[in-house]
Structure formats: C-alpha cells, structure tokens
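Please look through the sequence and the model shown here before reading on.

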Amino acid sequence: MILNLNSDTEKGLAGILNLTIPGVNGDSLLITLDMKGIAASTGSACAMSLEEPSHVLKAIGRSHTGKDTLEAYKLARTYDLLTSQKDKDLEKHKSALKYIDAHLLNTPTIAVMQVKKEIESMMQLSQTNFAHGINRILHADDRNDETMKEIEETIDFMNNQISEFLIQLTHKVSMEDEKIVGSYFHVINDIERIGDHAYNFYELSLKMVENELAFSADAVNELGEMYNVVMKMFDLSFEIFNDGDKTKLEQLHELEDITDKMKTTLNNKHFERITKNQCKNELSPFYSSLVSELERVADHLVNVGYSIVNPTGDTE
C-alpha cells in the first residue's frame, strides 16, 4: 500500500494529518478507521456540499477524479453527518444526568445520596412517558410522539450509566450502604421496564391507527380508571422511595390489589361488549395487551416501593 503525505510536516497543524492512499476505497477505509477509534473523513468540512474533489489536492497534483473517489466523497458527507448526529444525541442524553459523575466515587456516602436523586429523576421520566403513552393509545394523540422516543432513549441511557456507576460504587461503600446500592440495581431495572411498557403503548397505538381501530367510549373510560389507579401508585411509590416511610407500603399494596381485580373485570366487560356486537373483535388483542401492561406497571411500582425493606423489591 502506498501512502502519500499531503500535510506539511514542518508547518502543518499538530494532530491533523492529510494522506492520499491510491487504490483504496473510501468506504472501507473510513469504517476500518472508525472501528479503531480514529476520526477521519475523505472530505473537508467546508467542502461537504461539493461533489468535486478537493481543489487544494488538485493544485498539488494529488487528487483523483474517478468514480470511486466521488463515491468516497459522498460517503464521507453521510458518515460525518451521522457521526455528528450521534455526538449530539450523546451530549443530549448526558445532560439528563444531573447528580452523578466519576468524581463522586471518591466520597461514597455522598455518592449513594446523589445516585438516589438520579434514580428519582429517571422515575419521573418514566412516569411522563407513561402518561404520554396512555394518551396516545386512548385518544390517538400524536403530539408527543417525538418526545416519547427521546425520553425512551434517555431512560435507556440513564439505566446504563447508573448501572455502571453503581458497579463501581459497590466496591467503595460500607456494608450497610452496600445493601442500599444492591437494591438500586433492582429499582432502575423496574423503572426501565416501566419505560418499555410506556413505549409499547405508543407502538400499539400505531398499529391501531394503521388498522383504523379505536376503542369505544366505554372502553376508554374503563382503561382511564385503571390508568388513574396506576398513576396514584406512581406518586406513592415515589414518595416511599424518597422518604423511606414504611407505613405507606400497605396502601401501595392495596392499590396493586385493585389493579389485579380491574384486570379481570375489564377483560370480562370487553368480551361482554363483543358478544353484544358493541365492539370489534379485532380490538381484543390491543385491549387485552393494554390491560395486562397496566397491571405489570403496577407490579413494577410495588417493587420500587418495597425496595426500602427488601433489596429485590419482592413483597413476600
């Protein structure tokens, strides 16, 4: 392989190298370099919109004008744009982390308090998406679609980052705090699963719209009642996790029992409507899925609340 150095070794800017590699396709080269962690491009930033080879390289007799070269330039523009977008998305998600960073690992006691705040922030995001998701599927309201996608990505990002932080923190805390940190692993898992259920509502809604299906007014009211119970559980489990008040656990458990009963009642009412031709049979999988997912969200919220007395969040 021949490498032609285009940069001036004496007057060139340190850290930047310009090379010509005759006979090497730009596609393969950029991908290979990226896998090695090396930032590269076959076109300059200021010439991103141009189809022509570099006028600078042409002036020194190093530019190629063949088809492969032009395709490499097109790839470079796409590659740079995608990389730029990935960087922007990463920065956007990083901004969601308000309370933890690597420096806190030097003060484990403070780190435990701060990571708790980060988890509470993550939980609030999951509740926001839960509300958006229900509104989407019950009322086909698409105004928050992009917001839902962004929040879901942020929740996943926070789950990974908090998990990594907790892994490092585990080896630095006291025996007492080690139990708390252990419970936090389970809590963020439950919160992440709630976020998944919320996003499932959005995806179910898309399928309903595609098939021109919509719940009846009675179904919307029933599902709305179950949603209200789960929202009360959101607020209560958040309070319990925040203040550690064990006396509120009984109320949380009672609300879960209500959702369990509502699951059976609502499914029975739905099939009764079908037998009376008051509802389309095609809605059954959507209705049943939504009721089941609401009940599962309630289960996860109970786990979050009970994490203050049991690291796994189990109520038994």
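In which loop is the place of Lys 246? Lys 246 lies in the loop between α7 and α8, where helices (H or I, at least four residues) and strands (E, at least two) are DSSP runs, numbered from the N terminus. The model is a predicted one, in which local features need pLDDT of at least 70, side-chain atom pairs count only at pLDDT 80 or more, and totals for chains, interfaces and linings use all residues. Residues are numbered from 1 along each chain as its sequence is written, and side-chain values use heavy atoms, with hydrogens and water left out.

With a relative accessibility of 54%, Lys 246 counts as exposed; the term exposed means over 50% relative accessible area, buried means under 20%, and partly exposed is in between (1.4 Å probe, protein chains only). Although Lys 246 and Tyr 306 are 60 residues apart in sequence, their C-alpha atoms are 8.3 Å apart in space.

**Overall layout**

The protein contains nine helices and two strands, and along the sequence these follow the pattern β-β-α-α-α-α-α-α-α-α-α. Of the 316 residues in the protein, 40% are buried.

**Helix packing**

The axes of helix α4 (residues 108-139) and helix α5 (residues 145-170) come within 10 Å and cross at roughly 155 degrees; here axes are lines fitted to C-alpha atoms, for helices over the stretch in contact, and angles run from 0 to 180 degrees between N-to-C directions. The two helices α4 and α5 are therefore roughly antiparallel to each other, since angles over 145 degrees count as roughly antiparallel, those under 35 as roughly parallel, 65 to 115 as roughly perpendicular and the rest as oblique. By class, the contact of α4 with α5 has 15 nonpolar, nine polar and four charged residues, where Ala, Val, Leu, Ile, Met, Phe, Trp, Tyr, Cys and Pro count as nonpolar, Asp, Glu, Lys and Arg as charged, and the others, Gly among them, as polar.

Helix α4 also packs against helix α6 (residues 175-210), at an angle of about 15 degrees and with the axes 9 Å apart, which makes α4 roughly parallel to α6. The contact of α4 with α6 divides into 22 nonpolar, six polar and four charged residues.

**Salt bridges**

Side chains of opposite charge can pair when their charged atoms come close. The structure holds nine salt bridges, each being a side-chain nitrogen of Lys or Arg within 4 Å of a carboxyl oxygen of Asp or Glu.

Arg 136 and Asp 145 are both buried, and so are Arg 273 and Glu 222. Glu 239, in contrast, is partly exposed, at a relative accessible area of 35%, and salt bridges that share partners join Glu 239, Asp 243 and Lys 248 into one network.

**The nonpolar core**

The largest nonpolar core has 68 residues, and those with the most contacts inside it are Phe 130, Ile 162, Phe 215, Leu 223, Phe 234 and Leu 290; such a core is a set of buried Ala, Val, Leu, Ile, Met, Phe, Trp, Tyr and Cys residues joined through side-chain atoms within 4.5 Å. At least two residues of this core come from each of α4, α5, α6, α7, α8 and α9 (284-306), and α7 supplies the largest share, 13 residues.
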